[in-house]
Amino acid sequence: MPAAEDEGQPFDRLRANGVSSLALATGSTIGILGGGQLGRMMAVAALQLGYKVVGYAPEGDNVAADACSDFITADWDDAEALARFAALCDVVTWEFENVPVATVRSLPAALLACPVEALEVAQDRLREKAFAAELGGAPAPYAKVESAEDLAAAFASVGIPGILKTARDGYDGKGQWRVRSTIEAGALSYPGVTCIYEGFVTYETEFSVILVRGKDGQVKFWDSTANIHDGGMLALSVLPAGALVEAQVPAARELARKVADALGYVGVLTLEFFATRAYGDKGGPVFNEMAPRVHNSGHWTIEGAATSQFENHIRAICGLPLGGTKTRFEAIEMRNIVGEDALTAHAILAEPGEPHLHLYGKREVREGRKMGHVTRVGHAVK
Ligand code: AMP
């Protein structure tokens with residue numbers, strides 16, 4: 001091999017390959033706020049692309065740490081620890097949408113791959129619904145609830161059945177109360193924190209739109225899966241998603257692109273929808289919520305798409321060319337492994353069809369806790 005090739009700086013080589021001079025050089029360090037499985041899979045993708053990863057999260061079962069060269073365990077408001085973290089990083093991203101905005105704002109702005117407004121909007125259900133509606137999206141009818149009187153007024157204006165959700169800090173169906181009847185409404189008291197009361201949507205399928213947006217504003221979408229939930233938590237994502245979802249994907253993508261553009265978003269962004277014939281202007285998709293991050297319903301992309309959501313997120317925040325998002329198989333199913341099922345999950349490897357097993361290395365098995373997932377693929381797309 002000619003000596004000159006060995007001497008070149010990685011940065012220069014990237015330029016020589018036609019990649020933006022703003023691309024993060026090989027060997028640079030990506031900081032991830034949050035320590036869960038999304039950070040772990042993001043870190044694996046970052047390692048594959050030649051980056052180092054440093055994580056930051058409060059005390060907990062931080063399974064991302066296994067894939068990080070350094071992991072700082074400290075509270076979100078620990079200024080000294082955050083400064084130490086920032087000093088190690090060339091770029092910072094998050095894997096968890098409830099990282100306090102003040103934490104992110106305390107980091108040097110130049111490190112942030114994506115504007116913090118994306119977190120601000122997504123952390124507040126009232127704000128994200130209003131934001132989507134302003135851009136032409138159709139959320140379920142809803143009302144803000146800040147008192148017992150508001151709750152009674154919301155039952156009257158929005159109607160029953162419905163769902164009361166805490167405006168902030170909810171995930172996987174936590175902080176939610178279903179109201180199926182006036183008897184249940186009467187039994188429900190105001191939870192003491194700001195909430196949103198939403199009309200119950202009778203949908204046929206839930207689906208998500210996952211996109212990646214590069215620093216230059218280029219947007220790519222993965223195919224939308226049908227998402228089946230169990231107890232408010234994703235259980236299964238399936239492709240193809242069916243005719244109704246496919247008919248509603250264009251409108252859903254249009255909204256997702258507008259949201260990403262309006263936020264100046266960089267990285268992977270997810271919007272969740274209900275596919276229903278009953279709501280929306282023309283019976284179109286009902287917007288439920290957004291996640292400014294990689295998403296559980298996109299795990300199938302690891303084996304099922306030309307480029308995974310994790311890799312494209314890393315590519316986007318590092319200023320690298322985005323990879324193709326095409327689906328590689330005619331049929332795909334991603335199933336979460338929850339709670340004690342993880343204890344026998346290795347048996348899945350003996351099943352026919354070459355299932356792809358992912359276990360997150362969680363130290364503690366708890367009922368209802370996401371422990372891993374398995375992706376099964378059908379015939380390759382010809
Ligand atoms: P969320 O945390 O808002 O994603 O809610 C968790 C799950 O609860 C959703 O994926 C749906 O399965 C269900 N859900 C939430 N909001 C509604 C709604 N307004 N109507 C019907 N089902 C809902």
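**Exercises around strand β12**

Pro-240 lies in the loop between β12 and α10 (243-263); helices (H or I, at least four residues) and strands (E, at least two) are DSSP runs, numbered from the N terminus. The model is predicted, so that local features need pLDDT of at least 70 and side-chain atom pairs count only at pLDDT 80 or more, while totals for chains, interfaces and linings use all residues. Residues are numbered from 1 along each chain as its sequence is written, and side-chain values use heavy atoms, with hydrogens and water left out.

**Exercise 1.** Describe the peptide bond from Leu-239 to Pro-240.

Step 1: The bond is cis.
Step 2: Its omega is near -5°.

**Exercise 2.** Find the strands that pair with β12, given that two strands pair if DSSP finds at least two bridges between them.

Step 1: Strand β11 (residues 226-230) runs antiparallel to β12, with five bridges joining them. Here Asn-227 is opposite Ser-237.
Step 2: Strand β15 (residues 332-338) is also antiparallel to β12, through four bridges. Here Val-238 faces Glu-333.
Step 3: The hairpin of β11 and β12 has two residues between the strands, and Gly-231 adopts a positive phi near 60°.

**Exercise 3.** State how covered β12 is.

Step 1: Buried means under 20% relative accessible area, exposed over 50%, and partly exposed in between (1.4 Å probe, protein chains only).
Step 2: Of the seven residues in β12 (233-239), five are buried, which makes the strand mostly covered.

**Exercise 4.** Locate Glu-354 and classify its exposure.

Step 1: Glu-354 sits in the loop between β15 and β16 (356-359).
Step 2: Its phi is positive, about 50°, although Glu-354 is not a glycine.
Step 3: Glu-354 counts as exposed because its relative accessibility is 64%.

Definitions and conventions: Pairing = 2+ DSSP bridges.
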